[in-house]
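Open the model in your viewer and keep a selection tool at hand. The stops below go one after another, each with something to select.

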Amino acid sequence: MSTKKRILFIAQEMSPYLELSDYAAMVNKMAIKSNEAGLEVRVIMPRFGIINERRHRLHEVVRLSGINIVIDGDDYPLIIKVASLPNARLQVYFLDNEDYFKRKTVFADENDEFFDDNAARSVFFCKGALETVKKFGWPPDIIHCSGWMTSLIPMYLKTAYKKEPVFAHSKIVYSLSPNSFKEKLGASFIKKATISNQIKEKDLELFKEGTNTALNRGAGKYADAVVLAGEKVEKKVVDELKAEKGKIILPYKKDNDDLADYLALYNQLLGK
């Protein structure tokens, strides 16, 4: 039986599959470095339509299929695909759905109009990622979320999934990135995000504006540790998080090739 500690990266983007920002390469490095440091690593990300399945050798994991994700009373089938990360012996799982991820652009259409269902897509991905881990039966010691699309996960883990045995010992890290969109997720966002009667109105209070800032603020509050993932992260949000008792904040470093501070953070959370 493996005694390795487990780390799960839930990422909006990751090289070489999707590169929306410089942080995609960082997620790749974090996964590889963690693997090399003796942690058991898995990655979950969305299977956006612009990801080339043939080039990256994605294939469906039939044994994990059959999960339906309910959002605001509607059922959406979750399709799970997998690939091996090049030059590393670790698995990357891609969450797919015909309604939400087949389109050939990521968050906005060809006219740069923000998709009006981005709220539902985010909720689908966050809930889908946690349901996938339950299906794995693979309890992660650390869950490191990156990208605004993962921002509900820390809150879900402290509310709707609080009593799930697979997450009983999970510590949550959130990478706080600079804002990447100016729009709002819409009036129905909070209703869609309320995936369980264990989630109360107060739990979603910080998220309710549906802005990029609100998502970062909410995720940062519920995470055990926050990594500053860029020079232009919002100072106001960072200052609020620094004022919280017991919150671990990892400062941004421009040249961070060895990722020693990330590994030290993981070890701290693991109690090493």
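Contact here means heavy atoms within 4.5 Å. The model is a predicted one.

**Stop 1**

Select Leu152 and show its surroundings. Setting aside neighbours within four places in sequence, Leu152 is in contact with Val123, Cys126, Phe189, Ala193, Leu204 and Phe207. Leu152 belongs to the largest nonpolar core, which has 101 residues; together with Tyr156, Leu152 has the most contacts inside that core. Next, colour helix H4, residues 118-136: this helix supplies 10 residues, the largest share of the core.

**Stop 2: the annotated span**

Select residues 6-237. UniProt lists this range, in an unreviewed entry, as "domain: Starch synthase catalytic". In the model, the span is 28% helix and 22% strand, and its end C-alpha atoms lie 29 Å apart.

**Stop 3: the largest pocket**

Select Glu13, Ser21, Asp22, Tyr23 and Pro178. Of the 37 residues that line the largest pocket, these lie nearest its centre. The space in this pocket comes to about 820 Å³. Which of them gives the most? H1 does, with 5 residues. If you colour the lining by residue class, expect 14 nonpolar, 12 polar and 11 charged residues.

**Stop 4: Asn216**

Stay with H7 and select Asn216, which is located in that helix. Is Asn216 buried or exposed? Its relative accessibility is 3%, so Asn216 counts as buried, the cut-off for buried being under 20%. Leaving out residues up to four places away in sequence, Asn216 touches Tyr174, Leu176, Ser177 and Asn179.

**Stop 5: Gly186**

Move to the loop between S8 and helix H6 (189-193), and select Gly186 there. Gly186 has a relative accessible area of 39%, so this residue is partly exposed; that class lies between the 20% limit for buried and the 50% limit for exposed. To finish, draw a distance from the C-alpha atom of Gly186 to that of Thr211: the two residues are 25 residues apart along the chain, and the separation is 9.0 Å.

Note on methods
Residues numbered from 1 in each chain as written. Predicted model: local features only at pLDDT ≥ 70, side-chain atom pairs only at ≥ 80, totals over all residues. Heavy atoms only, no water. 1 Å grid on protein atoms, 1.4 Å probe; cavity = no way out; pocket = protein on both sides within 12 Å on 5 of 7 lines; lining within 4 Å. Points joined across faces, edges and corners; volume = space filled by probe spheres on them. Helix = DSSP H or I, 4+ residues; strand = E, 2+ residues; numbered from the N terminus. Nonpolar A, V, L, I, M, F, W, Y, C, P; charged D, E, K, R; others polar. UniProt positions renumbered as here; feature names shortened; annotations may be inferred. Core = buried A, V, L, I, M, F, W, Y, C linked by side-chain atoms within 4.5 Å. Buried < 20%, exposed > 50% of the residue type's maximum accessible area, 1.4 Å probe, protein only.
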